[in-house]
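Hello,

Here is the structure for you to look over. My notes follow below it.

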Amino acid sequence: MNTELVINGTNIKKTFKNFELNIPELKIPKGFATALVGENGAGKTTLINILTGVKLDYKGSIRYFDKYTDADRETKPELKNAIGYTGTSQYFFPQWTAANIEEINTILFDSFSSEKFRAMCDELAIFPEGGFKGKVKVSEMSDGMKTKIALAGVWARDTQLLILDEPASPLDPLMRDKLNRMISEYIESGNGERSVFTSTHNIADMEAVTDYVIIMERGAIVEEGFVEDLKEKYVLVKGENTDADKAAPAMYTFNKSQHGWDGICLAENVDKLAGLDIVTETPSLSQICVAVMKQNSRLK
Amino acid sequence: MKLSQSSGVPIYQQVSDWFRDEILAGRYKQGEYLPSIRGLAKDLKISVITTIKAYETLEQEGLVTAVQGKGYYVNAQDSEMLKEQHMRKVETALQEAIKASKIAEISKEELLETLETLYDMDEE
């Protein structure tokens with residue numbers, strides 16, 4: 001599919017003592033929800049920090065909305081205003097109150113609406129008694145509440161791109177479902193102009209709203225594509241143990257138990273299993289991600 | 001529309017099957033627009049790309065036409081076309097029957113006989 005890109009990165013590199021991030025090309029499609037998947041330490045947060053400008057000592061270039069460069073982040077306020085970001089680390093000081101968070105957002109972002117922010121705080125049930133409680137301190141908030149108030153801050157603005165680093169991790173299942181609905185509604189109201197980029201290590205949480213997926217391992221992109229295309233590229237195969245030895249060489253991943261085997265096979269190799277007693281299924285996005293991660297991980 | 005995550009039928013196919021039935025049954029009229037891609041994705045809690053694939057499937061079958069920036073509208077469903085769609089269903093079902101009979105080593109004559117018997121039984 002030919003789609004416009006909301007972010008297009010070239011030769012992004014960042015070297016740490018024991019780790020290197022190296023991405024020759026990064027493509028995030030416009031008008032869709034993209035998930036960045038990878039195990040702990042794969043480089044997801046490093047990449048997001050580079051894209052959002054939290055980290056500035058990297059090599060390479062990044063284009064936003066097909067018209068801004070990474071240097072424009074400092075000089076063109078409309079770019080900063082168009083992007084909403086929530087991170088995993090604490091970027092609110094513990095002594096700040098909810099009212100301080102509202103104040104700082106008002107100063108930083110042109111389109112921030114206090115009214116929308118307070119309504120979002122109520123909608124997300126951030127304060128146990130409902131509504132908006134300006135005096136509550138960040139130090140009194142749970143991890144889930146901190147993530148929710150950061151999301152409320154981003155949703156209270158008029159943006160074109162959301163970059164959310166592990167938004168689902170500290171949230172309970174009910175709030176994860178709510179977050180999915182919020183992302184769907186955000187994309188829908190943009191009518192093709194609004195995009196979302198989230199990182200997660202639990203893709204099952206976001207499977208229903210993910211259009212494009214980028215899988216990272218050890219600082220590199222190992223697989224990417226539209227979910228529907230990946231579901232045609234990989235096939236889930238199950239079979240009997242009598243065929244296990246014949247099937248194994250053609251499989252991408254292979255798990256054998258006492259009562260049969262299963263695994264992921266590349267669609268182009270399914271022909272090699274002809275004549276064996278097997279069933280094939282369309283894999284879920286999580287099954288694809290796990291298979292690709294397994295192939296590229298050091299995890300035994 | 002009732003979508004099943006565990007039926008083995010891909011979600012996009014369940015969506016396109018549903019619209020195909022609606023269109024062929026005349027519940028979506030000629031010239032009428034299908035729901036917006038992102039609106040339907042939100043309502044069905046499925047991804048945008050799945051909805052696009054479902055609509056593209058219908059477009060390939062000639063049931064709908066895409067208009068850049070406006071969405072997908074329903075084409076005129078002439079009787080020839082309807083017959084064609086039903087013929088495809090018949091062919092698929094018959095292919096299944098042929099496959100099954102080959103596995104069971106049932107001869108062509110026996111298969112045709114069975115078809116005739118079943119057809120006549122249905123008529124009675």
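**Helix packing between the chains**

The angle between H7(A) and helix H2 (residues 37–44) of chain B is about 165 degrees, and their axes lie 8 Å apart. Axes are lines fitted to C-alpha atoms, for helices over the stretch in contact, and angles run from 0 to 180 degrees between N-to-C directions. A:Ser184, A:Glu185, A:Ile187 and A:Glu188 of H7(A) make the contact with B:Arg38, B:Gly39, B:Ala41 and B:Lys42 of H2(B). Contact here puts C-beta atoms, placed from the backbone, within 7 Å.

The model is predicted: local features need pLDDT of at least 70, side-chain atom pairs count only at pLDDT 80 or more, and totals for chains, interfaces and linings use all residues. Residues are numbered from 1 along each chain as its sequence is written, while chains are lettered from A and ligands numbered from 1 in the order in which they are written. Helices (H or I, at least four residues) and strands (E, at least two) are DSSP runs, numbered from the N terminus.

**The interface**

In total, 17 residues of chain A contact 14 residues of chain B. On the chain A side, helix H7 (173–190) and H8 each give two or more residues. H7(A) supplies the largest share, 4 residues.

**H1 of chain B**

The buried residues of H1(B) are B:Ile11, B:Tyr12, B:Val15, B:Ser16, B:Phe19 and B:Ile23. Buried means 20 or more other C-beta atoms within 10 Å of a residue's own (exposed is 12 or fewer, partly exposed in between), with C-beta atoms placed from the backbone. These residues cover an arc of only 130 degrees, which puts them on the same side of H1(B). The arc is that of the directions from the helix axis to the C-beta atoms. Their cover includes helix H8 (227–233) of chain A, plus helix H3 (48–60) and strand E2 (71–74) of chain B.

H1(B) packs on H3(B) at about 45 degrees, axes 8 Å apart. That makes H1(B) oblique to H3(B). After H1(B) comes B:Gly26, with a positive phi near 85 degrees.

Best wishes

Methods:
Contact = placed C-beta atoms within 7 Å. Parallel < 35°, antiparallel > 145°, perpendicular 65-115°, else oblique.
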